Amino acid sequence: MKSSFNFLNLLVSDKMIKKIEMLNNPNVEGFIEKIVELCNPYSIYLVTEEEDKDYIRRKAIETKEEIPLKTLGHTIHFDHPLDQARAREDTFILADEKIPFVNTKKREEGLREIFSLLKDSMKGKEMYVGFYSLGPKNSIFQHLAIQISDSPYVIHSENILYRLDFDDFKGNKQFLKFVHSKGELDIRKRRIMIDLKEDTVYSVNTTYAGNSVGLKKLALRLTINKAVKEGWLSEHMAIIGFEGDKGTHYFTASFPSGSGKTSTSMIGNLISDDLAFIREINGVARAVNPEVGVFGIIQGINSKDDPIIWEVLHKPNEVIFSNVLMTEDGSVYWEGSDEKRPEKGINYEGPWSSDMGKPASHPNARFTVPLTAFRNLDENYDNPDGVEIEGIIFGVRDYEILIPVVEAFSCSHGVVTIGASMESVRTSAVIGKGDEYEFNPMAILDFMPIRLGEYLRNYLGFCKKLKKVPKIFGFNYFLKEGNRFLNSKEDKKVWIKWAVKRVEGRVDAIYTPIGLVPSYEDLKLLFIEVLNKEYKMEDYEKQFTLKLDKYLEKTERILKIYKEIQAPNEVITELEEQKERIISYISKFGRKLSPLTFD
Ligand code: SPV
Ligand code: MN
């Protein structure tokens, strides 16, 4: 059969033509044609099978987007100094109405702007077209996606992070579309336009993966929109299996970027470190990882605290390091590593030496690796049916208020007063000022493409569909007294153990106005069991004293936000009830409530 595919004046091999004809998918042809016409590349290369991955690895090196390092499979990539993190201000949801907390731009205007920036952007360059599956193949969770880019680094990252899947595009299938061009890397003209109407995202003048690798955070905007329409959840969450006395229990965990999600994922069996698709199947919440790789923060990774990641980053294996220091002998160094700090090297700003008094690597420097490199990978990581979720963790970076662990009274109490009430200190994963508290419900606000109230309505509706409801926990690893953290890094293992025991029904909890908290006696035993450490009563008291006045202020702050945006009644009611409970406790016990006086 003759294809109607119109190659214009493009250099395309017969092999590529055959591939396209084989698909017999007019949507795919139409999409590629449209982008060819817009971006005007010199040639086109379809990434559809294993051998194409080799081609892309070679191209990444030939174009100097990546530099090979001395360990086999390791390369380094540098992003522009002003392009080291997600660019919130340059990222727009195309919508004709204003939406609170969403950076919108009128659709026509946004499309006009991005098309003019993409016009002829690939002139003289090769255009790569990658075909992927978000989520396992042969699965109800699956979404197909195509990434077009002129950057071998971007396609290389996609090849590591996602499942290559060409065959599933056969016929008239729908798919998500991502168009990226490095353009001139003129950061002033960096734009990311998200078109929910056409399930398409355009990105230009950037290479930082959070802005350019479509299937990661750009796809998240599209899938949140789909999930809310279709009654499932697309979340910024890790998926982890924790061992209990009665076998493995799977949890999802949502933390704002740079606030403990990856380290939490390493405590159990890894399925996902960043994203989750969750569906109700026969009354049970089941989840899959849309990805098969990790794009993780490297700063602070050391052999003692992070032995698994350390191993992944030091053995011969496919790794793209980005924005770390490259040394003369072809190895890398990052801040917080326990290797000796080199005297000099090259980083994303050019030559670096220790006497410059600057960090050797960027705080948002990253590594890109396949999941299969991790020795704690869970056997179900690619299971088309997903895994049953029994616990949900919402964690924040809060130095002042929240206690280390609390369990919600119910699904809606947890969703509203823990997940939807998250306030967390901003980290270097987003361009801009650090160290400010931000309202960040479900750690997903940066990716919210629709009204937050609609998103929460769907979440609460999801709770109601479940016959087996996961327990919801709030975590905070970052509580301080003055400048000192009240917990050590490894204490999180104890909070997790407690949560697992709660899921198994093997431990009691104490009622407080904000939720259920662990007793001193139980934690004392768990500290011995998990860390072989003595847990002092005075530490418990410091960590778990409820600052009721602060909790009240927080509840009022959040309530105000949700009243202003006319959130669903259930959201308002949960918060008002929480407020009343806190007020009544303050009148009985005062502004602070020591856990030792808990009943
Ligand atoms: C995050 O910042 O949440 C990440 C990395 O997972 S990025 O791809 O930049 O979003
Ligand atoms: Mn993330």
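## Basis

The model is predicted: local features need pLDDT of at least 70, side-chain atom pairs count only at pLDDT 80 or more, and totals for chains, interfaces and linings use all residues. Residues are numbered from 1 along each chain as its sequence is written, chains are lettered from A and ligands numbered from 1 in the order in which they are written, and side-chain values use heavy atoms, with hydrogens and water left out.

## Helix α11 and its two partners

Two packed helices are described by the angle between their axes and the distance between the axes. Helices here are DSSP runs (H or I, at least four residues), numbered from the N terminus. Axes are lines fitted to C-alpha atoms over the stretch in contact, and angles run from 0 to 180 degrees between N-to-C directions.

Helix α7 (residues 214-230) packs on helix α11 (residues 452-465) at about 55°, with the axes 9 Å apart. That makes α7 oblique to α11. Angles under 35 degrees count as roughly parallel, over 145 as roughly antiparallel, 65 to 115 as roughly perpendicular and the rest as oblique. The α7 crossing of α11 is left-handed (the near helix is turned anticlockwise from the far one by less than a right angle; clockwise is right-handed). From α7, Ile224, Ala227 and Val228 meet Glu454, Tyr455 and Asn458 of α11; contact means heavy atoms within 4.5 Å. These contact residues divide into four nonpolar, one polar and one charged. Ala, Val, Leu, Ile, Met, Phe, Trp, Tyr, Cys and Pro count as nonpolar, Asp, Glu, Lys and Arg as charged, and the others, Gly among them, as polar.

Helix α10 (residues 411-419) also packs with α11, at about 160° and with axes 9 Å apart. That makes α10 roughly antiparallel to α11. Their crossing is right-handed. Cys411, Ser412, Val415 and Val416 of α10 meet Tyr459, Leu460 and Cys463 of α11. The contact has six nonpolar residues, one polar and no charged.

## Helices α3 and α5

The axes of α3 (residues 50-62) and α5 (residues 152-161) come within 8 Å and cross at roughly 140°. That makes α3 oblique to α5. The crossing is left-handed. Lys53, Ile56, Arg57, Lys59 and Ala60 of α3 meet Pro152, Tyr153, Ile155, His156 and Asn159 of α5.

## Around ligand 1

Residues surrounding ligand 1 include Arg86, Lys216, Lys217, Phe295 and Arg366; a residue is near if one of its heavy atoms lies within 4 Å.

For Tyr208 the distance is 2.6 Å. For His236 it is 3.2 Å. For Asp274, an N or O atom of the side chain is 3.3 Å from a ligand oxygen.

How values were computed:
Helix = DSSP H or I, 4+ residues; strand = E, 2+ residues; numbered from the N terminus. Polar contact = N/O pair within 3.5 Å; in protein donor to acceptor, adjacent residues only side chain to side chain.
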